[in-house]
Amino acid sequence: MSAPAPTDPTGPAPGHGGWRGRLGPADGEDDAEGLTAGTTVGSRRLLARLLRPFRRALAVLVAVVLVENVARLAIPYLVKEGIDAGIPPIRERDDLAPLLGIVAVVLLATLLQAVARHRFLVLQGQVGQRVLFEVRRRVFRHFQALSPAFHDEYTSGRVVSRQTSDVDAIYEMLESGFDGLVTAALTLLGTAGILLYLDVELGLVALACGPALALLTNWFRKASARSYRVTREKVALVIVHFVESMGGIRAVQAFRREPRNEEIFDDVNDQYRAANLVAFRLVSLFMPGIRLVGNVTIAVVLLYGGYLAHEGQVTVGVLAAFLLYLRQFFEPMMEISQFYNTFQSASAALEKLAGVLDQRPGVPEPERPAALDRARGQVRFEHVAFGYVPGRPVLPDLDLDVPAGQTVALVGTTGAGKTTLAKLATRFYDPTGGRVLLDGVDLRDLASETLRSHVVMVTQENYLFSGTVADNIRFGRPEATTEEVVEAARAVGAHKFVSALPEGYDTDVANRGGRLSAGQRQLVAFARAFLADPAVLILDEATSSLDVPSERLVQQALRTVLADRTAVIIAHRLSTVEVADRVLVMEHGRVVEDGSPAELVGRSGGRYAGLHRAWADSLA
Amino acid sequence: MSSVRTTAPSAPGPDPQVAPPADVRSLWRLRGYLRPYLGSLTLMLVAALGGVALSIGIPLVTRAIIDGPVTAGDLSALLPLCGLALALGVLEAVLVWARRWVQSGAVLGLETTLRHDLYARLQALPMAFHTRWQSGQLLSRATTDLSAIRRFSGFGLLFLLTNAVQLVATTAVLLHLYWPLGLVVAAASVPIVWLSMRFEKRYVVVSRAVQDEQGDLATLAEEGAVGIRVVKSFGRAEHVSRQYEQAAGRLLETSLTKVRLAARFWTFLGVIPNLAVVVVLALGAVGVGRGTLTPGELVAFITLMLSLVWPVSSLGVILAMSQEAMTAAARILEIFDTEPDIVGGTRVLERPRGHLRFEGVGFAFPDAPQEPVLRDLDLEVRPGETVALVGATGSGKTLLTALVPRLWDVTSGRVTLDGVDVRELRLENLRALVATAFEEPTLFSMSARENLTLGRSDATDAEVAQALEVAQAGFVHDLPYGLDTRIGEQGMALSGGQRQRLALARAVLARPAVLVLDDTLSALDVHTERLVEDALRRVLGATTGLVVAHRASTVLLADRVALLADGRVTHVGTHHELLETVPAYRELLAADAGTPEDVPA
């Protein structure tokens, strides 16, 4: 590679060179992972698993492709027969019968090949598309089954690229790879056999090109595997930079970032060009290389065959057949270069998908789920321990009992473990020690559907799905009537702005919420949670992007909505805490204060009292 | 109630949802990009035409060998003829090499230049454009569409030409060799060309349907990934999975239609030349038997005819490729044709004081001109003064701040800086004078330093450290590689509060004449917020500030407060004045919500 390495280990000078920064020793590219030449165990196993239901179709496919290739390979042989056996009778006694017989066979072979070809293409397409459907189905469901912890780490970008570009890579292989490989293999073997059958001596001369072909192909395979990997890395750089520039265009323009961005883009764009150039030039050596071997072989066959024909040892028909066969012999070799990269990327894609499918959900479904039809909403933490990284506990040993119907507010600095507690209560994670109970049942014994119908969390991350506002409010309870949707919206104070939208509740929120402001999206998310009517509602910073009047509306709603259900509220703003029956002040994963808001405010020297005073001051 | 909306979109520029019509003109308009490579293209064409000549020449040498040394017994000619065949064969390989080698450099250069220009243009297009186009749609233009153009200009265009030449030349040679057979071949190519054209039309329709459905599926995959926590929270995995499967099922059906269509076509393309071989063999053998054709001619004939199979059958592929390239060109031109409507003026403020005025400002989004967000708004921020913007959700506070650096342009009235309309200032100058810390901070997958020095790439480490100090973002120094640590999506994950503090440091570092803070502290806890505010107070003491505030504590950073309602500034005054005299303001900020006497139990 002539392009400069993107990461400068010596520490970059400000402004130049090291714009990418450093990440760590394992600074590998996502696309490069598991990308070794040839197939690996995981990808092969996955492919076998996917193809298993199509065993019969595949058997037919193989039969059809054999018929097709036999018919195709027979044609030059029949041409030879036509010349050698069909012409003399005409010459001698103008007897057309032998020739017509042969022509009839050629016609038959041609039609047979056409029919087989058609069958093959349809079957291959059907199997391929069904396999793709199955891959898509499985991967999507599997991603849905994996825990939020997995998603946190894996990032949505990679989840999407697994389901788009990797599936596309498999599609490419199924579409062209199988045909190419099978046809190429059959052609190589079949042609070699027929050549030897036609004339051993001339056949051996023709096949003497074998080692040259093998050497050339082997060199190309290795070189293109290397260059392919570099190309993938470089294109990933281009894509990341492009997407981030466009996604963050507001900051780019506001800070006059355009020239510097252009500089960086030129750099990655040119690295990509250079990598592609290497790959293209490999092909531009390989293809004519094969052509050269082929043409030299043809010239040698002409020379030696011509001599043999002159000596009467082979017929003109055999010589013609040789020339026709040799044409067919080299073409699939050149095609190999076309689909070799296809195989490689499909193999890498399969490997990554296999890796995902092998991930066991971090929060597995219980084998025998406990029944809990109507939850009262009592939440208990018993000696719960949890840490994201082994050796660094976030919650060392937590005991907590939230009686049904109580509203608890969690207060504390960032990193105190409030959100972690919420995530354990919703079973986004499982505790590493102790247990979390809902109405006395361990969460791990509840089917996720049961759990989710009783415990719902609303976070700051107010994601809206494409569809109408009503669809989004109805998300947790699809059978809800329009009246119920409106009622839920009214309850959280969202009705006013929703009905002011161009098409009211039927307004499409396309483009991830489009013109809805962060606060408005949050209100929709609230309505969604209220409509779902859970026994336990967890609000993690759910009101932080609301303005004060909206927040007040939500709080009013909270008083009524939370009246008959358990709630855990996490908030920076202490105003939110006022609705709670009970306040827990957390620090380093432990509850350090526990009491009613009034009680804690009054506690002299207490942390909550201190926070409250600071907050009250800020209002002055 | 809101009036009935007209469905006709009145937004300027192309609609990302509508595919542009593909025609040759779009491709032709990109011809300028080929100019630097005219030499290369000529060379490629010459090499390709040379290849055509050789593909005709080699079978003719074969004929000479069969009819000469083999049949006529003239062995002395064998060696030179074979030498000729060898020379032609080597020459052919060299020509293929030369064509591909030159082609690689040329088409990649072309692609890279186009991608550069596309990127540069996109960066220059205003927010009005970018809010309507998702980055995914732009990316597919920068990757898929550019590859289509690259493939066409390197491969499609060349072979469209050479295949046509080969078709005509070979047919001529065939007619010359033995006209009855030549006619058979010529006749066979007519239905192929006709069918190729028809097939290509239908294929384009189905292919586009497949593409659209793939796009829909990708959208669902993205929603399933980005919204996973919501899906989990409500236990709706089954629902979204079924939705996805339905879309995948639709795609399956359309793809199967495509498969059937393609299978029929490819089979047809394969069978026609083979049928021609049958006819040629029958008639040719009779011709040889009756002495009207030599054996060598027959072999040459069949070889030549088979050499036509690829040029003819690839016609469909090449036509599809051209179609693709035309669509791609049209899609790229859509962007090139969108003129950046926010362009800078010519004036430069040498010594800015930071006197900001909004004079009768009105604003409506381009696709909703009937529903102005701001109307006839007046506001003055004197040099060195800090004004807080307070208003209900959706009252247009953020938008108002975006008008200053011209991320959006006013639709009426004007914004002036030191008395000069911002539209008269050079854009670089204006945006150097104004820096914004956004509520949702954008971080790029680059080093922390690169992210911080966004607005001032020449900042020294000391200045960076100072800005980090103001924003309480000292955590950057504790990252594994300090300022060189990669952050952003592809780097170290940072919390919302950390990201906001970086965005704040970034804005402070730009040392603007006007500093805009768009609710920058919302994700900070009370303690950090207070520290940041103390530091900010010092910074704002020296510059003009515009602060979007939701909380009383942030409002207190400002000297005066402007209350926004119904797209206007209804009141301006100090926090305490407004608290006392304006009930609406009191409702927004008074007790920061939730005191018992405010909220009926």
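## A left-handed crossing in chain B

In this predicted model, helices α3(B) and α10(B) cross in a left-handed way (left-handed means that the near helix is turned anticlockwise from the far one by less than a right angle, right-handed that it is turned clockwise). Axes here are lines fitted to C-alpha atoms, for helices over the stretch in contact, and angles run from 0 to 180 degrees between N-to-C directions. Helices themselves are DSSP runs (H or I, at least four residues), as are strands (E, at least two), numbered from the N terminus.

For the record, angles under 35 degrees count as roughly parallel, over 145 as roughly antiparallel, 65 to 115 as roughly perpendicular and the rest as oblique. On the α3(B) side the contact uses B:L118, B:R121 and B:L122, and on the α10(B) side B:I332, B:I335 and B:F336 (two residues are in contact if their C-beta atoms, placed from the backbone, lie within 7 Å). Sorted by type, the residues of this contact are five nonpolar, no polar and one charged. Nonpolar covers Ala, Val, Leu, Ile, Met, Phe, Trp, Tyr, Cys and Pro, charged covers Asp, Glu, Lys and Arg, and the others, Gly among them, count as polar.

## A right-handed pair in chain A

Over in chain A, helix α14 (residues 482-491) and helix α16 (residues 518-532) have axes that come within 8 Å and cross at roughly 120°. That makes α14(A) oblique to α16(A), and their crossing is right-handed.

From α14(A), A:E484, A:V485, A:A488, A:A489 and A:A491 meet A:A527, A:F530 and A:L531 in α16(A). The tally for this contact is seven nonpolar, no polar and one charged.

## Where the chains meet

Now for the interface: 144 residues of chain B are in contact with 151 residues of chain A. Which helix gives the largest share of the side of chain B that touches chain A? Helix α8 (residues 237-289) of chain B does, with 29 residues. That side of chain B divides into 75 nonpolar, 45 polar and 24 charged residues.

Helix α2 (residues 55-93) of chain A and α8(B) have axes that come within 8 Å and cross at roughly 25°, so α2(A) and α8(B) are roughly parallel to each other. The crossing of α2(A) with α8(B) is right-handed. Chain A brings A:I75, A:V79, A:G82, A:I83, A:G86, A:I87, A:I90 and A:R91 of α2(A), while α8(B) brings B:N274, B:V277, B:L281, B:A285, B:V286, B:V288 and B:G289.

## Chain A as a whole

Chain A has 20 helices and 10 strands. Its C-alpha trace spans about 120 × 60 × 50 Å along the principal axes. The radius of gyration of chain A is 35 Å, whereas a compact globule of 620 residues would have one near 25 Å (taken over C-alpha atoms, with the globule rule being 2.2 Å times the number of residues to the power 0.38).

Of the 620 residues of chain A, 49% count as buried. Buried means that 20 or more other C-beta atoms lie within 10 Å of a residue's own, exposed means 12 or fewer, and partly exposed is in between, with C-beta atoms placed from the backbone. Among contacts in chain A between residues at least 6 apart in sequence, 78% join residues at least 24 apart.

## Residues worth a look

Most residues other than glycine have a negative phi. A:R256, not a glycine, has a positive phi of about 50°. A:R256 sits in the loop between α8 (249-254) and α9 (258-310) of chain A, and counts as buried because it has 22 C-beta neighbours inside 10 Å. A:H588, also not a glycine, has a positive phi of about 50°. A:H588 belongs to the loop between β9 (582-587) and β10 (590-595) of chain A and, with 14 C-beta neighbours inside 10 Å, counts as partly exposed.

Then there's A:G42, in helix α1 (residues 41-51) of chain A. A:G42 has 18 C-beta neighbours inside 10 Å, so it counts as partly exposed. Leaving out residues up to four places away in sequence, A:G42 touches A:E351, A:A354 and A:G355.

## Numbering and model

Residues are numbered from 1 along each chain as its sequence is written, with chains lettered from A and ligands numbered from 1 in the order in which they are written. As the model is predicted, local features need pLDDT of at least 70 and side-chain atom pairs count only at pLDDT 80 or more, while totals for chains, interfaces and linings use all residues.
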